[in-house]
Amino acid sequence: MEAMIDSTFDPQKNAFYKNGDGTRWVLTDGDGRLLGRVGAFINGNKAYTFQQPTGGMGYFECVENQEAAFLLFDTAKNWLKERGMEAMDGPVNFGENLLNWGLLVDGFMPQAFGMPYHKPYYRDLFDAYGFKVYFEQYSYHLDHKKPFPERFWKIAGWVAQKPNYHFEHVRFSNIEKYIQDFSKIYDQAWARHDNHQSVDLDDVRA
């Protein structure tokens, strides 16, 4: 997972740098002990679709210390402000919203891959700084060791009979077709979501 985070801040690996910018910081005390980290980024495709030019803040981790947390938040905010942003959304990802998105504040259990996992005091730090809930996000789990409900199989069977549906394993010799198919379906699924921008094909290829 750390390698994926590193690649997020690598212009050679993250397609969002084509029309954006991002950076990150680590906070330590006088003895070199790690206190926290934070990233800030501007997605040029979305920043100006809000009422105010809005940048992103994410990958926030911090000890239970308000002074340390506020220093990290201020650092991200000032970086964004220097680049023309008037609002800061977070915690979010410098990329699509399928990884490292949101602040988990309830229902603590091992999370699905790429989903955040935060201790309860994180919500207090965000609230104290002045963050407001923009929308609520939920993370769900399905126990693969338990049989699916019968209705799942009925729905799957009904879909499988439709003449326009086709199922196959991915063949890398035909990967470009799958990339195009995925991007088309993704964009149609999110088309009515506020601030949606079409998925970047280079990001999907990566």
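Predicted model: local features only at pLDDT ≥ 70, side-chain atom pairs only at ≥ 80, totals over all residues.

Student: Which strand pairs with β1, and in what sense?
Tutor: Strand β1, residues 20–28, pairs with strand β2, residues 34–43, in the antiparallel sense. The pairing extends over 9 bridges.

Student: What is the bridge partner of G22 in β2?
Tutor: The partner of G22 is F41.

Student: And how many residues lie between the strands of that hairpin?
Tutor: There are 5 residues between β1 and β2. Among the residues of this hairpin, G32 takes a positive phi near 85°.

Student: Stepping back, how many helices and strands does the chain have?
Tutor: The secondary structure comes to 6 helices and 4 strands. Along the sequence, they follow the pattern α-β-β-β-α-β-α-α-α-α.

Student: What box do the C-alpha atoms fill?
Tutor: Taken along the principal axes, the box is roughly 65 × 40 × 35 Å.

Student: How much of the chain counts as buried?
Tutor: Of its 206 residues, 31% count as buried. The chain exposes about 14,300 Å², and carbon and sulfur atoms supply 53% of that area.

Student: Let me change topic to N14. Where is it found?
Tutor: N14 is found in the loop between α1, residues 2–8, and β1.

Student: Is N14 buried or exposed, and why is it classed that way?
Tutor: N14 is buried, because its relative accessible area is 6%, and buried means under 20%.

Student: What does the side chain of N14 reach?
Tutor: The side chain of N14 reaches the backbone oxygen of F94 at 3.0 Å. Leaving aside neighbours within four places in sequence, N14 is in contact with S7, T8 and F94.

Student: Now the surface: which residues make the nonpolar patch of about 430 Å²?
Tutor: That patch is made by L142, F148, F152 and W153.

Student: Where is F148 found?
Tutor: F148 is found in the loop between α3, residues 121–129, and α4, residues 150–160.

Student: One last point: what share of contacts joins residues at least 24 apart in sequence?
Tutor: Among contacts between residues at least 6 apart in sequence, 56% join residues at least 24 apart.

Notes: Residues numbered from 1 in each chain as written. Heavy atoms only, no water. Patch = residues over 30% accessible without salt bridge, like charges linked within 9 Å, V, L, I, M, F, W, Y side chains within 5 Å. Areas by Shrake-Rupley, 256 points an atom, 1.4 Å probe, with all protein chains shown as cover. Salt bridge = Lys/Arg side-chain N within 4 Å of Asp/Glu carboxyl O. Helix = DSSP H or I, 4+ residues; strand = E, 2+ residues; numbered from the N terminus. Pairing = 2+ DSSP bridges. Buried < 20%, exposed > 50% of the residue type's maximum accessible area, 1.4 Å probe, protein only. Polar contact = N/O pair within 3.5 Å; in protein donor to acceptor, adjacent residues only side chain to side chain. Contact = heavy atoms within 4.5 Å.
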